[in-house]
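Hi,

Here is the structure I promised to send over.

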Amino acid sequence: MLNKLIFNLGILIRNPTYTKAFKDLKSTEFSSVEDLNQIQLIKIKKFLSFVNENSKFYKKKFKEAAIDVTQITSLSDIQCLPIVSKKELIDFNDDIHTTPKVKFKKTFFSETSGSSGEALTFYKNEEWDSYNRASIARGMSWYNVNPWEYNGYFWGYSFSLIQKVKIQIFDMLLNRFRMFSYSDKELDRFIKKLRKASYLHGYSSMIYETARLVNAKAISLNNLKLIKGTSEKIYDHYHEETKKAFGKKIVSEYGSAESGIIAFECPNGEMHINEETCIVEEVDGEILVTNLLSYSFPIIRYKLGDFIQLSRKKCGCGRNHRILSSVLGRVGKNIIGKDGEVFPSLTLYYIFKTLALEYDIKLNYKAAQYNSGDLNIKIDSQVNDETHNLIMKVSAKYFGQALTVVIQDNEVIHSKDKKLKDFESFIE
Ligand SMILES: [Zn+2]
């Protein structure tokens, strides 16, 4: 009760439009495809004319492409708008930010790290932030969970002492707890709290790691209503560990700081696109996302950098929001062969998928390339000769003679404060 009060009070102060946003999103949860498209069309028209008036960068882009945004009459019309990259969001940051005559009542500073190390910073208008929070809350409501319920949270944890104190105060207010290390004592403390929690969320690799430790102690819990994985690829074997430890698979939430929430998994196991807040397109296998609420820093046909697949199939849960049938991982740097052959980093995904499907070998891996023609793959468990040979065999199927693959087993592949990346290239 007290926690609900604190939550509502916090929202009232920080996100005045949250309550309206949540109500709004709940009201269209079971709307028809036509109605959802109509909502999108109304929103995109209003959004684009605002952007055209108030963002120097987009005004110029639209002009160059000879597009009159006031003439948009259907959703497919947006296909003629220019595509925007992360590099552009960084390089033309000032000109992308809008400068409306009537200033935003409130904005929030946001910072995300780029894969190349360069950070993207921007200001989010309050409504954008509220709709994003409300979208997460709507997804959680599908599991009968309210955001203010007691929860375990995983997000990087290389903290200084002062940071730790600050975080603990915030966590107390938000009715949540977290682990500050993987030590045995800390784990016991965490499990004790977890027994009283109603949901668990954060980086899926950390949830997985914790589930493994819980299983190693031969403990199993069945009180959690929801385990929500964010921001990272969720592997099939993660689910096996969490099911064993907590009786639940990891529900996936997909999005990014700049795009907002893009999709949320329903109880039927399908990822529904958050149609009320974004327009998702698939072009050459890659996702393009338009954030319909990003008035302060417009995100339009943004190349987020993931390979995806969309589906028009109807979900048994009754929601008509389009289904994102898979997120195949980052459009990363390429893997380079001895004679300059180029393989997309996604090849690794297919190799390990083949191993899992055809040979029932499930492995956690992380690959790195330091020189052309060499590929280093770290595995977090022991690899016997037979498995080793199979990895080599399947790799050769994809890479041929172009790469010398070296396997290192029993490696720690999760750095504690960063997202898990499948592949990193150190070739200039
Ligand atoms: Zn569904």
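Strands (E, at least two residues) and helices (H or I, at least four) are DSSP runs, numbered from the N terminus. Keep in mind that this is a predicted model, where local features need pLDDT of at least 70 and side-chain atom pairs count only at pLDDT 80 or more, while totals for chains, interfaces and linings use all residues. Residues are numbered from 1 along each chain as its sequence is written, and side-chain values use heavy atoms, leaving out hydrogens and water.

**The sheet**

Strand β16 (residues 365-369) and strand β17 (residues 374-379) run antiparallel and are joined by four bridges. Lys366 has Lys378 of β17 as its bridge partner. Both strands belong to an open sheet of four, in the order β18-β17-β16-β19, with mixed pairing. β18 (404-408) and β19 (423-425) are at the edges with a single partner strand each, so one side of each has no neighbour in the sheet. From one strand to the next the twist averages 20 degrees. Helix α13 (residues 385-399) packs on this sheet and touches β17 and β18 (contact means heavy atoms within 4.5 Å); its direction makes about 150 degrees with that of β18. For such angles, axes are lines fitted to C-alpha atoms, for helices over the stretch in contact, and the values run from 0 to 180 degrees between N-to-C directions.

**A hairpin**

β10 (residues 278-283) and β11 (residues 286-291) are antiparallel too, with six bridges joining them. Glu282 pairs with Ile287 of β11. Two residues lie between the strands of this hairpin, and Asp284 in the turn has a positive phi of about 50 degrees.

**The zinc site**

What holds the zinc ion? Its protein donors (N, O and S atoms within 2.8 Å of the metal, or 3.2 Å for Na, K and Ca) are Cys266 (SG), His272 (NE2), Cys315 (SG) and Cys317 (SG), at 2.1 to 2.3 Å. Their spacing in sequence is C-x5-H-x42-C-x1-C. Water is not among the atoms, so sites may look incomplete. Cys266 is buried, at 1% relative accessible area, and His272 is buried at 2%; buried means under 20%, exposed over 50% and partly exposed in between, with a 1.4 Å probe and protein chains only.

**Two helices**

The axes of α3 (residues 33-54) and α4 (residues 56-64) come within 6 Å and cross at roughly 105 degrees.

Cheers

Notes
Pairing = 2+ DSSP bridges.
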